[in-house]
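Me: Help me get my head around this one, please. Keep it simple.

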Amino acid sequence: MFSTQLELFSSKAAASAIRQAIRYRVGLALHVEHRGAEGQNWFSEREARVIGRSRLVLLCCLLLTLVSANAEDGSQAWLRYAPPVLNAIPADYQKMPAALVDLDSSPESISAQKELRQGVQSMLNRILRVETKVPANDDAWILGTVEEIRAAFPEFHTDSNKPAPEGFSISILAAHGHRYWVIAGTDPRGLLYGAFRVLSGIARGVSFASMQGTQSPAAPVRWVNQWDNLNGTIERGYGGRSIFFDNDQVRSDLTRAGEYARLLASIGINGCTINNVNANPKLLTPAMIHEVARIADAFRPWGVRLSMSVPIDAPQILGGLDTFDPGDPKVAAWWREKFDQIYAAIPDFGGIEVKADSEGQPGPSKYGRTPVDAANMFAAALKPHGGIVVYRAFVYNHHLDWNDIKADRARAAYDIFHPLDGKFADNVIVQIKNGPIDFQVREPVSPLFAGLHRTNEAIELQITQEYMGQAHHLVFLPTQWKEALDFDLHAENRSTPVKDILSGKSFHRPLGGYVGVANVGLDANWMGHPMSMANLYGFGRLAWNPNTTAQSIAEDWTRLTFSNDPKVVSTVSHMLLTSWSIYERYTGPLGLQTLTNITGPHYGPAPQSQEHNGWGQWIRADHDGVGMDRTVATGTGYIGQYPPAVAAMYTSLKTCPDNLLLFMHHVPYTYKLHTGKTVIQTIYDDHYLGAQEAAGFVTQWKSLDSLIDPERYQKTLALLEYQAGHAIVWRDAIDRWFEKMSGIPDDRHRIDHDPNRIVAADMQLDGYKPIDATIWETASGGKAYACLDQTSCTASTKLNRPAGWYSVAVQYFDYRRGVSTFTLQLDRQAIATWTAENTLPGEAPNGDTSTRFTLHGVPRRPGDTLTIEGHPDDGQPAPIDYLEITPEAAPAPQAASAH
Ligand code: GCW
């Protein structure tokens, strides 16, 4: 029996199934070697420990392994090609041609052809027959470029609405007594995008007739950035290790790179930067370039061009020159030669990303040079090959003086780049983060978009949820991005929405576009949270057409990812569409930014960390008031960087929107918003409301039980329950902090007056000892209770509550290392056991690690004793905070839920 199990584990699929089971608590426990046959480590040490520790049923894992072959693990994302469950299949599908002719035969058209055959067979159970010529006596699908189709069918016209480069037209052509379903691309990429559009239509039950029309992308540059390191880690990646690199090499198996490119192509993305903008020069060695060419090969069938981030000091570090001065001819010659080498290996190489003079990265300032000097040097070397330079405007001093009331990081990009407008070469694009700080939950649009009229511009959006819950929280970002793209900057006193600036329309620029930091990883579902892929999907849709509404993105994604069932579509899209505002409410409302630990992992609450440091994400809260004064008259002058109409709106307290008030102004806590409520009471109320709304996600999701496949249902449920608990951590921490800072109590006296809460300090403790929570506001009374130097500890409480059913929540801390075990006992009888094995970013009791386990339907009689028993593990001392015991109307159908 045991050896059979070991054989099972010598497959990666089995390893991944087990990993999912560990991560999402599928009640699995087993005993197994954690090394693969070829000596490769499939499990992290922590996962291996969980496996090693458990000794239960092997059958479970056998079942799991068998099931996983067909399981909905999220790997297919929105390209599942599941048979569409619809009331009625569109009538014109009956007339779908069986023959398929590809007039183009480029790598992209071969992909399109394969994809159509696969999708039609999988969704409609119809096999398409590939023909080499247009059949004389049959209807047919025709794939080709506009020119190729016109050559075969002189009657084919797209002139009235001609697709632009990379665009396509879908039409039905009647000729020779037959009907041809035509997908015509301006070029092979356009053709491929057209095929994907048809398949998305079929999956959503759209008739072929209504798919007809012409579409063109809004901008030529639609790229993703991956912040992958050569050692296989990913900066700010939450979906596992790099799909490209491992151990300072390009992975031998690039299957996932190809699958990623397919996903990207399906939403119109045409470029991918494969490595961290904090770039490692090793990627530029001849051996690595040779290896990287294999990634480009995996991308090519999908029309995705590969690009690289390069460190500006490579000529010195790698090339042995005594300088990397962009003004030095030998430096320029080094880069020319380097790009020649790259193009010899990757003829369709897209270009480079440059992060320089930013957060410790070397830059041209070392030699008294500007970003123009650096960017134009690269541009000249890339130009003969058709490559572009994407130069990031994320350049700022991270050693700002907090005591200087005029210092302001938000000003940096405009101050540095605006004077350089008109000086960048034509194949340079300046890449600007959507807001002036750094992907915070709420920021105004960067004024630099309006500050460059003679420079190509791209917006940088962060798809990976660095400041947005790191794939532990559901946060749908297209809602946020839409606000930025639609924002009218009124440059030159005329209408100039950001989306028109990016497309080149506002200032007549030839290049421009969209760059999204995606950071997918090797996890089966790419990004960690099943809902996070809605952000990648939404990024692609907006880069293609920024006029797409967030609602249609949410609905389409839900249909493609889960189901066309109307209840699923309305529930999931409602959850998605409300999630950003909810996250904003329980983290940092009123323009306070994310209020997370900015000197740490950017995850849990830590408002004080915003102040007294050089990073400049300050909120300037004191006893009397809060907010950064960014006005011209009395503040940092940042508002003056906007065109006059926008500057006037932000300057006046009357017109400054409440949701950016504290980004723009410093006001007393008692200042009344447009709602009539004070700033401080709004902070309190928003946090209570946000936490309540986050709990609502759980209820909404539970209404879909039976309508979603069990694997994704359970995984999402566990995450949403965790999020609901963590939203309470956020609420309590931020409200406590502001109450202490302002000295103004909540007018509803909720803060630290939780009638159902019993804090560990008030319990009978055996072995548990108080330790300081490293951020006081993230634990009751600033203390966690830890089980130190013992094998187990208990905390008990006797409660005289009326008899009835209750839910019992245990608030504990789950460090990244160690897997403590907890047992909850009712009158010494174990009623639940769970382990602290989430992968949260912290090693101490604080807002990153505070976690909740909730058990529903607990019966209680007056005088019962509730006991938490903690068993520490590997430096994680089973720390606890409090119990919360809430009456329940009746035992909930779901008995236990853990995180
Ligand atoms: O937000 C910050 C991130 C860094 C990142 C940097 C950037 C790649 O915390 O991890 O570095 O932005 O955008 O360059």
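Predicted model: local features only at pLDDT ≥ 70, side-chain atom pairs only at ≥ 80, totals over all residues.

Me: What stands opposite V101 in strand 2?
Reply: That's E131.

Me: What's the order of the strands in that open sheet?
Reply: Six strands make up the open sheet, in the order 2-1-3-5-4-6, and the pairing is mixed.

Me: And which strands stand at the edges?
Reply: Strand 2 (129-131) and strand 6 (213-215). Each has a single partner strand, so one side of each is left without a neighbour in the sheet. Going from one strand to the next, the twist averages 25°.

Me: Which helix packs on the sheet there?
Reply: Helix 7, residues 188-203. Helix 7 touches strand 3 (140-145), strand 4 (168-175), strand 5 (178-185) and strand 6, and its direction makes about 80° with that of strand 4.

Me: At what angle do helix 5 and helix 7 pack?
Reply: About 10°, with their axes 8 Å apart. Helix 5 is residues 107-124. Angles under 35 degrees count as roughly parallel, so helix 5 and helix 7 are roughly parallel to each other.

Me: Which residues make that contact?
Reply: On the helix 5 side they include A112, L116, V120 and L124. On the helix 7 side, L191, A195, F196 and L199 are among them. By class, the contact has 14 nonpolar, three polar and three charged residues.

Me: Switching topic: which strands are in the closed barrel?
Reply: The closed barrel has eight strands, running 7-10-11-12-13-14-15-16, with parallel pairing. The twist from one strand to the next averages 25°.

Me: How many bridges join strand 13 to strand 14?
Reply: Four, between strand 13 (residues 388-392) and strand 14 (residues 428-433), and those strands run parallel. Across that pair, V390 stands opposite I429 of strand 14.

Me: Which helix packs on the sheet here?
Reply: Helix 13, residues 371-382. Helix 13 touches strand 12 (351-354), strand 13 and strand 14, and its direction makes about 160° with that of strand 13.

Me: Which residues of helix 18 and helix 19 meet?
Reply: M533, A534, Y537, G538, R541 and L542 in helix 18 meet S552, I553, D556, W557 and L560 in helix 19. Split by class, that contact has seven nonpolar, two polar and two charged residues.

Me: And helix 20 with helix 23, how do their axes cross?
Reply: Helix 20 (residues 566-586) and helix 23 (residues 679-702) have axes that come within 9 Å and cross at roughly 155°. Over 145 degrees counts as roughly antiparallel, so helix 20 and helix 23 are roughly antiparallel to each other. This crossing is left-handed.

Me: Which residues meet there?
Reply: Among them are V572, M575 and I582 in helix 20, and L689, A694 and F697 in helix 23. The contact's residues divide into nine nonpolar, seven polar and three charged.

Me: Is the disulfide of C787 and C793 right-handed or left-handed?
Reply: The torsion about the S-S bond is about 80°, so the disulfide is right-handed.

Definitions and conventions. Residues numbered from 1 in each chain as written. Heavy atoms only, no water. Pairing = 2+ DSSP bridges. Helix = DSSP H or I, 4+ residues; strand = E, 2+ residues; numbered from the N terminus. Axes fitted to C-alpha atoms, helices over the stretch in contact; angles between N-to-C directions. Contact = heavy atoms within 4.5 Å. Nonpolar A, V, L, I, M, F, W, Y, C, P; charged D, E, K, R; others polar. Disulfide = S-S within 2.5 Å. Parallel < 35°, antiparallel > 145°, perpendicular 65-115°, else oblique. Left-handed = near helix turned anticlockwise from the far one by under 90°.
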